[in-house]
Amino acid sequence: MTGYQQYRGVQVEGASPLELILLTYDVLLKSLTLAKMAVEEKNIAAEAHHLSRALEALVELSTSLNMEEGGTIAASLGSLYAYMSRRLLEGSTGDTGAAIDEVLTLASSMRESWQGLSDSNAGAAPRQAVG
């Protein structure tokens, strides 16, 4: 395991649920960016690898939703994640670059929204541990 992998492991282990969402969006955005580069370079193997990573991130975001407590917001996010996944899968049989661009735009916007929520929560008082 490299030093970077150890750092990321510690970062994930100590992360709050909101920080985990942001980390997952980071993986999604990085994977989409690398997939787009692979498309431009006509590197089909790299494109498939990075699209697979992006789809894994979308599955992670989708399965982390709490449908019982999240109500319509969680349902809407679930629908959005399903759309993004479908778009990437459909794009892989046609205009992959356009599909990646669309999902990249959506994911960037969503990441910014989650970051805004994180920033607004940063000023809130930390929760006291209940033991």
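Residues 24 or more positions apart account for 61% of the contacts in the protein that have a separation of 6 or more, a contact meaning heavy atoms within 4.5 Å. The structure is a predicted model, in which local features need a pLDDT of at least 70 and side-chain atom pairs count only at pLDDT 80 or more, whereas totals for chains, interfaces and linings use all residues. Residues are numbered from 1 along each chain as its sequence is written, and side-chain values use heavy atoms, with hydrogens and water left out.

Of the 131 residues, 32% count as buried, where buried means under 20% relative accessible area, exposed means over 50%, and partly exposed lies in between, with a 1.4 Å probe and protein chains only. The accessible surface of the protein comes to about 8500 Å², and 57% of it belongs to carbon and sulfur atoms; such areas come from the Shrake-Rupley method with a 1.4 Å probe, and for residues only the protein chains shown count as cover.

Confidence deserves attention before any detail is read. The protein averages a pLDDT of 87, and 84% of the residues score at least 70, pLDDT being the predictor's confidence in each residue, from 0 to 100. The mean is lowest in helix 1 (residues 3–13), at 52, and highest in helix 3, at 97. Over residues 3–8 the pLDDT is below 50, and this stretch has two contacts in the model beyond near neighbours in sequence; residues 127–131 also have a pLDDT below 50, with zero contacts of that kind. Where pLDDT is low, the predicted coordinates should not be read in detail.

Helix 3 (residues 44–63) holds histidine 50, which is buried because its relative accessible area is 16%. Not counting residues up to four places away in sequence, histidine 50 touches Ser31, Leu34 and Ala35. Leucine 34, one of these partners, is found in helix 2 and counts as partly exposed because its relative accessible area is 29%. The C-alpha atom of leucine 34 is separated by 9.4 Å from that of histidine 49, and the two residues are 15 residues apart along the chain.

In the loop between helix 2 and helix 3 lies lysine 42, which has a positive phi of about 60° although it is not a glycine. Lysine 42 counts as exposed because its relative accessibility is 73%. Glycine 91, by contrast, is found in helix 4 and counts as buried because its relative accessibility is 2%; leaving aside neighbours within four places in sequence, glycine 91 is in contact with Thr96 and Ala99.

The second largest pocket has about 290 Å³ of space. On a 1 Å grid over the protein atoms alone, a pocket is an open set of points where a 1.4 Å probe fits, with protein on both sides within 12 Å along at least five of seven lines, and lining residues have an atom within 4 Å of a point; grid points are joined across faces, edges and corners, and a volume is the space filled by probe spheres set on the points. Helix 2 (17–40), helix 4 (67–91) and helix 5 (96–122) each give two or more residues to the lining of this pocket, and the lining residues include Pro17, Ile21, Leu77, Tyr81, Trp114 and Leu117.

Definitions and conventions:
Helices (H or I, at least four residues) and strands (E, at least two) are DSSP runs, numbered from the N terminus.
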